[in-house]
Amino acid sequence: MIESISALGRSGTDAVRQYGKAGLLLLGVLCHVPNLRKGFPLVLQQIYAEGVLSLLIIVVSSLFIGMVVALQGYHTLVKFGASAQLGPLVALSVARELGPVVTALLFAGRAGSALTAEIGLMKATDQLSSMEMMAIDPLRRVLAPRLWGGFISMPLLTLIFNAVAIYGAYLVGVKWLGLDAGAFWSNMQSSVDFHSDVLNGIYKSIVFGFVVTWIALHQGYDVNPTSAGIANATTRTVVYSSLAVLGLDFVLTAMMIGGW
Amino acid sequence: MLSQRTIETSVGFFLLAAILALIILAFKVSGMTSFFKREGYDVTAQFDDIGQLKIRGPVKIGGVTIGEVTNIMLDPKSYRATVTMRIDSHVNDIPVDSSASILTAGLLGDNYIAITPMYSQRYLMNGSEIEETHSAMILEKLIGQFLFKVGNDNKQPVNGASK
């Protein structure tokens, strides 16, 4: 009885301690004054590893998502004789929701898990400790460029996702189902607002990029240095960041629609 | 490990692709044209009821878009809506006695202003006002009038039969 209560208490304090560690990690990464001349090439390398290498999966999946949304939307809209509204339907759903969220989920699976595994292995093989021995701060040398890389890559990936998905919808709606191209674009232009639709989606993706990279870095830095520990940490990265993205998406949407 | 040069080039292409996507989203998808202010002149018109007309709604002659609505205000004295529209400068021969009406594109479409040209030899200029206007058709009002009329039509024969 007493043991189970103490175990419950320990799991509670452990959870709080995890949050504290994650916060301290973020503080450590962000509060170091970045050395522009030395830090910039490192950030570029991380933008390459997290952004450019994720480009293929982002482009292919966004093309298919745009095509599927157009196909589904067409078959519903055509019942009401409103198939000319396909453009606004696709553009609004992609720019507001699908673009930021699906990009973040794919990013968590493609780049977040790789980050956790990389840093976890660095820790398991004592590379981080040996950096500290050489008076190199691993937070600044290893973690900070990765955080900035994810933070910068995510909105760029979301922009590309949005544009490609809308062209995928154009492909299905106009080229295949035979909608009028002029109606497709002009209805889209009259109902999509640059600030409240496109930019709000990009703001969301900036938040998602930050959160996903932060979770990945924390899980990697806090790993139990065994092979099973790295496997667990990678799984937790994908699970936690997907949940965080979906939950935050609700909060952000409520804020944006509520007009905060 | 790739050389730093290759990485820099590919990140550069990545950035360019993202900027291109942003341009597409801004101009092709959300139709943002307010960066380049349309060359044109401002014309006002007063309407009793503008319905669902919005700022940036199109202004058309014969179905061709020639400008857009730039401002909608309530006139404090007459309680009518004052609509300011910007007409493209190459359409500079609209007669002053033309009329403006608010129409709806299709059953569920947005409202727009249609200008019907008349025959005067004097043309609209910057700051001039279109005097002759027709308000938007409000579907509820039309249905109300229709029901009222149908109700009256039904009553009269009944009354006549009872006499």
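Biologist: Which residue is the bridge partner of Ser99(B) in S6(B)?
Modeller: In S6(B), Ser99(B) has Thr116(B) as its bridge partner. This is a predicted model, in which local features need pLDDT of at least 70, side-chain atom pairs count only at pLDDT 80 or more, and totals for chains, interfaces and linings use all residues. Residues are numbered from 1 along each chain as its sequence is written, while chains are lettered from A and ligands numbered from 1 in the order in which they are written.

Biologist: What joins strand S5 of chain B to S6(B)?
Modeller: 6 bridges do, between S5 (residues 99-104) of chain B and S6(B), and the strands run antiparallel. Strands are DSSP runs of E, at least two residues, and helices are runs of H or I, at least four; both are numbered from the N terminus.

Biologist: How many bridges join S2(B) to S6(B)?
Modeller: The number is 2, and S2(B) runs parallel to strand S6 (residues 111-116) of chain B. The rule asks for at least two, so S2(B) and S6(B) also pair. Lys60(B) stands opposite Ala114(B) there.

Biologist: In which sense do S2 and S3 of chain B pair?
Modeller: S2(B) (residues 58-61) and S3(B) (residues 64-74) pair in the antiparallel sense, over 4 bridges. Pro58(B) faces Glu68(B) of S3(B). The hairpin has 2 residues between the strands, and Gly62(B) takes a positive phi near 60°.

Biologist: Over how many bridges do S3(B) and S4 of chain B pair?
Modeller: They pair over 7 bridges, in the antiparallel sense, with S4(B) at residues 81-88. Met73(B) is opposite Thr82(B) of S4(B). This hairpin has 6 residues between the strands, and Tyr79(B) takes a positive phi near 55°.

Biologist: What is the pattern of chain B, read along the sequence?
Modeller: The pattern is α-β-β-β-β-β-β-β-β-α. Chain B comes to 2 helices and 8 strands. Chain A comes to 9 helices and 0 strands.

Biologist: Why does Ile130(B) count as buried?
Modeller: Ile130(B) has 21 C-beta neighbours inside 10 Å. A residue is buried if 20 or more other C-beta atoms, placed from the backbone, lie within 10 Å of its own, partly exposed below that and exposed at 12 or fewer; so Ile130(B) qualifies. It lies in strand S7 (residues 129-130) of chain B. Buried residues make up 20% of the 163 residues in chain B. In chain A, 44% of the 260 residues count as buried.

Biologist: Leaving aside neighbours within four places in sequence, which residues is Ile130(B) in contact with?
Modeller: Ile130(B) is in contact with Val43(B), Ala45(B), Ser98(B), Ser99(B) and Ala100(B). Contact requires C-beta atoms, placed from the backbone, within 7 Å of each other.

Biologist: Why is H4(A) called roughly parallel to H8(A)?
Modeller: Their axes cross at roughly 20° and come within 8 Å, for H4 (residues 86-124) and H8 (residues 194-221) of chain A. Axes are lines fitted to C-alpha atoms over the stretch in contact, and angles run from 0 to 180 degrees between N-to-C directions. Angles under 35 degrees count as roughly parallel, over 145 as roughly antiparallel, 65 to 115 as roughly perpendicular and the rest as oblique. That makes H4(A) roughly parallel to H8(A). The residues of their contact divide into 15 nonpolar, 11 polar and 5 charged.

Biologist: What is the hand of the crossing of H4(A) and H8(A)?
Modeller: The crossing is right-handed. That hand is given if the near helix is turned clockwise from the far one by less than a right angle, and left-handed if anticlockwise.

Biologist: Where do the axes of H2 of chain A and H1 of chain B stand, in distance and angle?
Modeller: H2(A) (residues 36-50) and H1(B) (residues 4-29) have axes that come within 9 Å and cross at roughly 65°. The crossing is left-handed. Pro41(A) and Leu44(A) are among the contact residues of H2(A), and Gln4(B) and Ile7(B) among those of H1(B). By class the contact has 6 nonpolar, 3 polar and 1 charged. Ala, Val, Leu, Ile, Met, Phe, Trp, Tyr, Cys and Pro count as nonpolar, Asp, Glu, Lys and Arg as charged, and the others, Gly among them, as polar.

How values were computed
Two residues are in contact if their C-beta atoms, placed from the backbone, lie within 7 Å.
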